[in-house]
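Visitor: I would like a close look at one part of this model. Please take it slowly.

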Amino acid sequence: MKIAFISDIHANLEAFESVLKDIEKKEINEIYCLGDIVGYGPNPNEVIEIIKNKNIKCVRGNYDDAIGFEKESCGCAYNPGRETEVGDESINWTIKNTSKENKKFLRELPLYMEFEKENLRFFLTHGSPFDNLFEYIKPSDNAEKFIKISLYNNSEIFVFGHTHLMMAKHINGKVILNPGSVGRTKDGEPLATYLIMDIFNGIYSYEFIKVKYNVKTTIEKIVNVGLPVELAVVLALGKTYNMGKAKINSRIGFRL
């Protein structure tokens, strides 16, 4: 069977629709999402409705948690200055522009999933087994961290999101994967990324996929709905950048 893993859609409808069209061509049996359906992008409700209509199984990301519970912060590792302000503005905008029904949907997403397919055991979460929402498991992390994850339980395949970086690490006969980001890549290309696994009776292969989408349309939407223009720049660059000093002296307070 074939499984597609997607993550960090971040309310980017154009990227999400392009990835789904690509998935349709590849005879995928199931789709799993590693969280952060919303945040940063201009179409939170539309993306959530697609998730629900297609019955895509999802875990809750830190941004989903923040919007679902109407928090003041997503707990993201922002640099001080303008980047923190942009994050605050994005949180406020997304809370205002996500329906009550969809906030409830986000609140009820599980923090992790465990299941077995074709004699292979899977563990899925947004961050890590030790901190489901907030810990970043990066390709550059030291070997000790990956050894610790591999010993967490008897799963053969661990799949995480959160970093927006594609990753594959093999250790102790297990594999730790990250599909990258559908809606906000950080690898320097303005593309959507996801992961396909082909599994049969305990044997598997995987492939990272990059998909083009209409970045210009998403950028125009970000500007037109009043989200910070810096979020559009991130999409155009395909990575984050130094946003400079804060424009105001204090954090933007939570408001509805």
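Visitor: At roughly what angle do the axes of helix 2 and helix 5 cross?

Guide: The model is predicted, so local features need pLDDT of at least 70 and side-chain atom pairs 80 or more, while totals for chains, interfaces and linings use all residues. Residues are numbered from 1 along each chain as its sequence is written, and side-chain values use heavy atoms, without hydrogens or water.

The axes of helix 2 (residues 44-53) and helix 5 (residues 100-107) cross at roughly 60° and come within 10 Å. Helices here are DSSP runs of H or I, at least four residues, numbered from the N terminus. Axes are lines fitted to C-alpha atoms over the stretch in contact, with angles from 0 to 180 degrees between N-to-C directions. The crossing is left-handed, the near helix being turned anticlockwise from the far one by less than a right angle.

Helix 2 brings Asn45, Ile48, Glu49, Ile51 and Lys52 to the contact, and helix 5 brings Glu101, Asn102, Phe105 and Leu106 (heavy atoms within 4.5 Å). By class, this contact of helix 2 with helix 5 has 4 nonpolar, 3 charged and 2 polar residues.

Technical notes: Helices (H or I, at least four residues) and strands (E, at least two) are DSSP runs, numbered from the N terminus. Ala, Val, Leu, Ile, Met, Phe, Trp, Tyr, Cys and Pro count as nonpolar, Asp, Glu, Lys and Arg as charged, and the others, Gly among them, as polar.
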